[in-house]
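The following paragraphs lead the reader through a protein model, from a single residue to the packing of the whole. Please keep the structure in view while reading.

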Amino acid sequence: MTQEGEGKFTRRITIIPTNTCHKITFPIEIKSLKDGYIIADAPKFLYRNLARSYSRINAPPGLDVQFIFLGERYNLAFPWVSEYEQEEIGEIVRNMDPRNLSGLIDQMGAWVQGCADGYKFVIFKSVKPASAEERVIAKTGKALYLSSTQDDFPDSDPHPKKRLITKEIFERYLESTGVNPAYADKAAARILDGKFHKGIFSDLWVPILFQEYVIGYIHTWISDRDKKPFDYTVVDTLFQFAAVLAYSFHINGFFEKGKIKSTSFEGKVIDISASGLLFAHPHSALDSSLMPDAELMIKFSALKRIVNTNARIVRRYRDNSHSYFGCRFLDMTPEDMRFFFEFLYGKPLTDKDAGFLSGQV
C-alpha cells in the first residue's frame, strides 16, 4: 500500500512471517496510512492457514442456525462439574467384565489391599457430600491426594489432565465455605493434623465421574507408618477403576431414568466458513457435554432452503459467561455445499474451491 492520509476504513490483512509458511489473516480498522506504514488497533481475532479453506466471515443476514447434541445426555441428581475429561480405560482394568458390577468392586478391593490399609466406596445416591473431602471432590471433580499427611497439599499437579486438588484449589474451596482468606492456610493445616492424629498417614480420594456428574468416590488410606505411601501409580490405577465402575453403572442401566431426549438449542454464531463455524453458548448443564470430539447436528435455514449437516467439535474455550466451540462440518451433501458456499461468499463453488474444503475449519 502506498496511499497516505487519514480516515478510518476496514481491510482484511494477510501476513506471511518470513520464518514460517503459515499465513495469518485478521480484520482491522485502518486509522491512517503513511510512508508505507498502516496504523491500526491490535486485532481481536487471528485466523491461521485460511488459504487451505475459505475465510471465516460474520454470519450473513438471513441465516438461522439450530444445533442438536448427538450424544447421550442425562439429568441426574448428582453433583456436576462444568469441566471434565473422560478417563481412558487402562490395561489393568481393560480385561475386566464391566457388566459384572459386584465383581469389579471385589477386584478393586483385592487390588487396594496390596497397597493400603483400608478403603471405602461411596455413591452419592442416598448419601450426599458432607465432609470437607467429599464436598471438595464433588465441587471440583478432582482427586484429593496426600502422599503424606505430615506434608502440605500438593503445590502443583504434574498430570496432563490436571486432575488433582492442589493447595490453591483446596484453600479456594475453604474460602467458598466462609473461611477468611487470611486463615485458609491454617484451616487446611488443621485438616491435615486431624488426619495424622487419627492415624491416617497417606490419604487418597478419587472421584467417580459419569460425564459431567460426580456420582461418588473411592477413598483409600494407609495407617501403618512403615508402609510405602501412595504414589502417582496408585492414583492412576484408582482413576482407571473409577472409569470402569462408571461405565459399568452406565451399561447396567443405573442412569437410564435420567436420560434426556435430544432437543435443539440455539447458539450465537461468531464466524462461519464453508467448512466450519465458531459459536458461543451460555454456561449451562448442556455446555459441559459439548467437549472436543462430541458431534452435533446443525440445521441451517437460508433463502427458504434447509441445509443439514453433522459437525464435530474440534476446540473450545471459555470466558466468564459463555463457552465457545469451533466445529468442523462432516457430511454436507455436494448440492448443499454448493448452495451454502454461494450463500456465504456470493459466488459459485468451483472444482478448485472444492479442493480447499477438505475438512478444515
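Is H281 buried or exposed? H281 is buried, because its relative accessible area is 8%, and buried here means under 20% relative accessible area, exposed over 50% and partly exposed in between, with a 1.4 Å probe and protein chains only. The residue is found in strand β14, residues 276-282; helices (H or I, at least four residues) and strands (E, at least two) are DSSP runs, numbered from the N terminus. Not counting residues up to four places away in sequence, H281 touches F265, E266, L286, D287, H322, S323 and F325, where contact means heavy atoms within 4.5 Å.

The model is a predicted one, in which local features need pLDDT of at least 70 and side-chain atom pairs count only at pLDDT 80 or more, while totals for chains, interfaces and linings use all residues. Residues are numbered from 1 along each chain as its sequence is written, and side-chain values use heavy atoms, with hydrogens and water left out.

The protein has eight helices and 17 strands. Of its 361 residues, 45% count as buried. Among contacts between residues at least 6 apart in sequence, 64% join residues at least 24 apart.

The interior may be followed through its nonpolar cores. A nonpolar core is a set of buried Ala, Val, Leu, Ile, Met, Phe, Trp, Tyr and Cys residues joined through side-chain atoms within 4.5 Å. The largest one has 56 residues, of which F170 and I215 touch the most other members. Helix α6 gives the most to this core, with ten residues. A second, separate core of 32 residues includes I298, V307, F329 and Y345.

F170 touches V136, L144, F153, I165, A188 and I191, when residues up to four places away in sequence are not counted. One of these, A188, is found in helix α5, residues 184-197. A188 is buried, since its relative accessible area is 1%. Its contacts, leaving aside neighbours within four places in sequence, are F153, F170, E171 and L174. The C-alpha atoms of A188 and K167 are separated by 8.4 Å, although the two are 21 residues apart along the chain.

Helix α3 contributes its own buried residues, namely E133, E134, V136, I137, A138 and T140. These pack against β8 (144-146), α4, α5, β9 and β10 (213-222). After α3 comes G141, whose phi is positive, near 70 degrees.

Most residues other than glycine have a negative phi. K162, which is not a glycine, has a positive phi of about 50 degrees; K162 lies in the loop between β8 and α4 and counts as partly exposed because its relative accessibility is 43%. Q211, also not a glycine, has a positive phi of about 50 degrees. Q211 lies in the loop between β9 and β10, and counts as buried because its relative accessibility is 16%.

A pocket is, on a 1 Å grid over the protein atoms alone, an open set of points where a 1.4 Å probe fits, with protein on both sides within 12 Å along at least five of seven lines; lining residues have an atom within 4 Å of a point. About 1100 Å³ of space lies in the largest pocket. Of the 39 residues lining it, Y84, E85, Q86, L209 and Q211 are the closest to its centre. Two or more lining residues come from each of α3 (132-140), α4 (167-176), β9 (202-210) and α6 (232-251), with α6 giving the most, six residues.

Aromatic rings form a further set of links. Rings of Phe, Tyr and Trp (its six-membered ring) pair if their centres lie within 6.5 Å, and planes under 30 degrees apart count as stacked, over 60 as edge-to-face and the rest as tilted. By this rule the count is 24 aromatic pairs. F210 and F255 are stacked, because their ring centres are 4.1 Å apart and their planes at 15 degrees. F210 lies in strand β9 and F255 in the loop between α6 and β11 (259-260), so the pair ties together parts that are 45 residues apart in sequence.

Methods
Points joined across faces, edges and corners; volume = space filled by probe spheres on them.
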